[in-house]
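Load the model and keep the sequence beside it. Then follow the walk below.

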Amino acid sequence: MNSRINRIDTDVVIAGAGPGGCTLAKELSKKGKSVVLIERGGDKSYFSGTPLELFSHLEKKSKFIPSMSTKEGYSLVLGQGVGGGTLLYAGSAFLPDVDYWRRYGIELEQDIIDEAMREMWYSIPPDDFIGEGNRRVRQAANELGYPFDKVARHIDFEKCRVGCENCTFGCRRDAKWTAKVFADEAVESGATLLTHTRVEKVAIDNGVAGGITAVDGSGERYEISARVVVLSAGGVHTAEILQRSGFKEAGSWFTGDPTRFTFGFIKEGKGNGFEHNMTVGWHDEEHGVVFCAMVAPFLAWHLQFAQAKPLKWMSHAARFRKALGIFGKVSDESTGRIDAGGVVSKTFTDKDRGVFSHAIETATRILVHAGCDPNDIYNVGFTLGHPSSTVRVGELLDTNLQTSVKNLYCCDTSVFPSAPGRPPALTVVVLAKRLARHLESVV
């Protein structure tokens with residue numbers, strides 16, 4: 001193995017190029033700070049618009065197992081590459097819950113929220129992007145008293161194409177915002193980007209962070225000295241790095257916003273396959289569920305269905321165009337942990353199971369009202385989509401997202417005190433912008 005050591009001095013070193021890390025790199029480099037941004041994945045797209053693009057940015061358990069999972073076998077979605085989880089998301093845009101954060105002593109200023117919305121291409125889908133199937137779901141939901149409406153997106157609809165379902169497969173038209181947009185701006189402003197590089201631990205001396213150690217894919221080692229260290233490696237890896245750096249309590253909690261697709265088949269008209277993703281939905285805040293009208297893209301739907309109901313899939317495989325679906329994303333409780341070595345364990349409480357039942361029953365009721373056979377409804381694709389709450393504000397972080405070690409901060413979904421309960425990209429960017437303002441006076 002190559003034993004070469006690269007030594008770098010910088011103002012700020014950031015571990016992880018997801019929405020938090022890329023935002024901080026952009027904001028601080030534009031203020032004249034020297035920044036090193038480190039990403040364990042790559043910076044290239046070779047298969048944009050295809051399932052291979054999703055696969056290339058999905059962190060894998062091994063070369064032969066295409067996705068991560070918990071010790072209990074639940075699928076765990078972790079993005080890798082410059083852009084992090086935004087490379088995999090469908091571009092849905094949910095505003096931060098300012099009252100929620102205020103309860104933990106964090107004030108999210110409106111000017112920061114407005115700035116983030118503008119820079120992340122926050123927009124409402126035009127009517128022509130809402131397909132026949134999604135209109136059917138919205139109408140059925142509204143008739144039953146569920147206030148489904150348009151869902152905001154991080155999409156430039158002038159570049160987008162009506163009927164495209166490939167948001168999660170990468171966008172050939174660059175119509176979907178990802179955090180890579182901010183990373184590119186950071187590099188243009190002088191930031192250094194290291195890809196295919198894994199952060200090992202934080203260098204701490206007398207209770208003060210002084211940098212990090214890392215190693216790249218070729219075995220070259222890095223010792224990066226910095227006045228400020230920010231961990232933005234995601235809900236799993238930020239906790240891992242902290243554990244290796246001496247924070248034994250990191251990863252003592254875990255939430256994942258578990259998501260399950262419910263779908264049936266309509267007799268007349270079209271389903272909502274081959275339609276633009278997540279254009280209509282509803283945040284059921286009372287129960288902690290985000291509902292959105294959507295079936296998984298063509299190939300993913302077949303894989304989900306075949307895995308969950310192989311015999312039924314064989315008889316229904318040709319009926320994708322008639323499939324009408326809704327997913328429910330549940331705010332789960334923090335019953336889980338990250339063990340040494342990054343093994344994730346996740347269990348669910350009786351309350352969680354009650355919310356799962358509510359989500360399935362609600363989705364089923366809407367689909368039946370929309371014309372699906374009540375005896376032909378399926379629930380598939382149980383996935384933990386937003387790994388979070390592993391380094392919680394109020395537990396390991398103060399209101400400036402600083403740990404008990406001076407000049408060591410965290411900024412990603414790990415900092416959430418409880419389950420995000422909604423797509424978190426916009427909230428993470430707002431938190432990162434707020435942290436950047438604080439760090440301007442530190443470095």
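The text goes from the sheet to the aromatic pairs, then to the charges over rings and one histidine.

This is a predicted model, in which local features need pLDDT of at least 70, side-chain atom pairs count only at pLDDT 80 or more, and totals for chains, interfaces and linings use all residues. Residues are numbered from 1 along each chain as its sequence is written, and side-chain values use heavy atoms, with hydrogens and water left out.

Start with the sheet. Strands (E, at least two residues) and helices (H or I, at least four) are DSSP runs, numbered from the N terminus. Two strands pair if DSSP finds at least two bridges between them. Strands of a sheet pair through backbone hydrogen bonds, either parallel or antiparallel. β6 runs antiparallel to β13 (residues 280-284), and 2 bridges join them. Lys-150 has Val-280 as its bridge partner in β13.

Now turn to the rings. Rings of Phe, Tyr and Trp (its six-membered ring) pair if their centres lie within 6.5 Å; planes under 30 degrees apart count as stacked, over 60 as edge-to-face and the rest as tilted. The count is 27 aromatic pairs. Phe-263 and Tyr-378 make a tilted pair, 5.7 Å centre to centre with 35 degrees between the planes. Phe-263 belongs to β12 (residues 258-265) and Tyr-378 to β18 (residues 378-384), 115 residues apart. Both are buried, that is, under 20% relative accessible area with a 1.4 Å probe, protein chains only (exposed is over 50%, partly exposed in between). Phe-265 and Trp-301 pair edge-to-face, at 6.3 Å and 85 degrees. This pair links β12 to α8 (residues 298-308). Phe-265 and Trp-301 are buried. A cluster of ring pairs includes Phe-263, Phe-265, Trp-301 and Tyr-378.

Arg-319 lies over the face of Phe-265, 4.2 Å from the ring centre. A charge sits over a ring if NZ of Lys or CZ of Arg is within 6 Å of the ring centre and within 35 degrees of the ring normal.

Last, is His-57 buried or exposed? Its relative accessibility is 6%, so His-57 counts as buried. His-57 lies in helix α2 (residues 51-57).
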